[in-house]
Amino acid sequence: MAALVLGIVSPVTFTGKLLPNSRSRRRMVVKCSNERRILFNRIAPVYDNLNDLLSFGQHRIWKNMTVSWSGAKTGDNVLDLCCGSGDLAFLLSEKVGSTGKVLGLDFSSEQLAVAASRQNLKARSCYKCIEWIEGDAIDLPFDDCEFDAITMGYGLRNVVDRLRAMKEMYRVLKPGSRVSILDFNKSNQSVTTFMQDWMIDNVVVPVATVYGLAKEYEYLKYSINGYLTGEELETLALEAGFSSACHYEISGGFMGNLVAER
């Protein structure tokens, strides 16, 4: 539910340098909260394992839905923001195939190291079309109208400026293309909110404690409480310039997916 097979991190270094076709005048300075970056670096080695355990494997269903809603297709150039250990990027690569291109961007070098090590273990040719870059979701190092689709999983809730992040996604998307954003749902229903809090307090945090990560996962409840409702997310997308936006509640209202079209 919060985090996804125990990753042995290979010694991979990410310099954060711009890609050849990126806007070279932009310097890659990660402006996201340093505390949050430290948190995600710390949980990186067990992130995949905890995701499987805490969601009973359902996160794979949710992520497939997110990729389907993005509209990514064969040959597309697509972006996965806050890519973490790469689940959505790998699914996107299966959609775009070996003739397409997937960029996975994250502010956590440790998460990117796990993603790169996982990529090295995968044999299908489509996985070779993925490139990983350390960067900032509110200051993307890409040209305007560069991508055919964008996905983001459990990232918008954690960025320091959500409107700016949405505006950056709008900027780098091609006209008529979509962004698909998966995250915990901040429900208006008191029963759903109670169950979410109960699960975090009584399941997520105790399990995380076994891995020595209780403090890191206590953060989860507060980040959800400080997040936006589905209606507020739709408003945010429209304010950022998107022509349409629709938020879907999934998994009994525990999760949500925003789909916005430029």
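Reader: What makes H5 an element that lies across strands, and which strands are they?
Author: H5 lies across S1, S4, S5 and S7, where contact means heavy atoms within 4.5 Å. Its direction is about 145° to S5; axes are lines fitted to C-alpha atoms, for helices over the stretch in contact, and angles run from 0 to 180 degrees between N-to-C directions. This is a predicted model, in which local features need pLDDT of at least 70 and side-chain atom pairs count only at pLDDT 80 or more, while totals for chains, interfaces and linings use all residues. Residues are numbered from 1 along each chain as its sequence is written, and side-chain values use heavy atoms, with hydrogens and water left out.

Reader: How many helices and strands are there, and what makes a run one or the other?
Author: The protein has 8 helices and 7 strands. A helix is a DSSP run of H or I with at least four residues, a strand a run of E with at least two, both numbered from the N terminus.

Reader: Why are S3 and S6 called edge strands?
Author: The open sheet has 7 strands in the order S3-S2-S1-S4-S5-S7-S6, with mixed pairing. Strand S3 (130-134) and S6 each have a single partner strand, so one side of each lacks a neighbour in the sheet.

Reader: What makes S1 and S4 a pair?
Author: Pairing requires at least two bridges found by DSSP between two strands. S1 and S4 run parallel and are joined by 4 bridges, so they pair by that rule. Leu 79 has Ile 150 in S4 as its bridge partner.

Reader: Why is a group of residues called a nonpolar core?
Author: Such a core is a set of buried Ala, Val, Leu, Ile, Met, Phe, Trp, Tyr and Cys residues joined through side-chain atoms within 4.5 Å. The largest one has 31 residues, and those touching the most other members include Leu 79, Ile 150 and Met 166. Among the elements giving two or more residues to this core are strand S4 (147-153) and helix H5 (162-172). H5 supplies the largest share, 4 residues. Beyond its neighbours within four places in sequence, Met 166 is in contact with residues including Leu 156, Phe 242 and Leu 258. In soluble globular proteins, nonpolar side chains tend to be buried together.

Reader: Is Ser 244 buried, partly exposed or exposed, and how do you know?
Author: Buried means under 20% relative accessible area, exposed over 50%, and partly exposed in between (1.4 Å probe, protein chains only). Ser 244 has 35%, so it is partly exposed. Ser 244 is located in strand S6 (residues 244-250).
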